[in-house]
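Dear colleague,

I am passing on the structure that follows, together with some notes on what was found in it. Please look it over before reading on.

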Amino acid sequence: MNVTKKGTKCSQLPAGNSRMGGSPQKNSAEHEGYAGGHNPLRITKNNIINADMSKERLLEKIVDRNNMNKAYKRVKSNKGAHGIDEMGVNELLQHLKENGAQLRQSILDGKYRPNLVRRVEILKEDGKKKRKLGIPTVVDRVVQQAIAQVLTPLFEEQFSDNSYGFRPGRSAHDAIRKC
């Protein structure tokens, strides 16, 4: 994303720190105990900032029944292995029917916590070395998908047309073709 040069990267001490009283500090790197912050003077090149998202009620959009159903269908179609809870995608629908309202409410209340990720090792293409892969539970994958479905359209419009990494419908091959 292209941004203006105006503005500074800041860090902010936790409010309980009496030495600095929670005020922003200019830093070249984040320090332990600091919460990253950003000076709002920096804006995108095309002036699209979508900074006031509280009016959009993002959590409500994320946990909306239609959005959660769409997320479930996406996770179900992707299949995939089970997480540490050993629940597979075939058991997911029944689980969501029984616990979906509680899941949505825990997200709205800020009490939802993802489960631990199951770690597996898979062979690399050379067939000799292994790489570690983390597999979240299917419920966590539904929540992640529901979040992505709401946030991706909001932020996608802010990216530069020359940005190709990790974007829907774009690949490294597209970037090479453009070059």
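Predicted model: local features only at pLDDT ≥ 70, side-chain atom pairs only at ≥ 80, totals over all residues.

Residues are numbered from 1 along each chain as its sequence is written, and side-chain values use heavy atoms, with hydrogens and water left out.

The protein chain has 5 helices and 5 strands (DSSP runs of H or I with at least four residues, and of E with at least two, numbered from the N terminus), and their order along the sequence is β-β-β-α-α-α-β-β-α-α. Of its 179 residues, 26% count as buried (under 20% relative accessible area, with exposed over 50% and partly exposed in between, using a 1.4 Å probe and protein chains only).

Leaving aside neighbours within four places in sequence, Asp-174 is in contact (heavy atoms within 4.5 Å) with Tyr-164 and Gly-169. The C-alpha atoms of Asp-174 and Tyr-164 are separated by 7.4 Å, although the two residues are 10 apart along the chain.

The side chain of Asp-174 also has a polar atom 3.0 Å from the backbone nitrogen of Ser-171. Finally, the charged end of Arg-170 sits over the ring of Tyr-164, 4.9 Å from its centre (NZ of Lys or CZ of Arg within 6 Å of the ring centre and within 35 degrees of the ring normal).

How values were computed
Polar contact = N/O pair within 3.5 Å; in protein donor to acceptor, adjacent residues only side chain to side chain.
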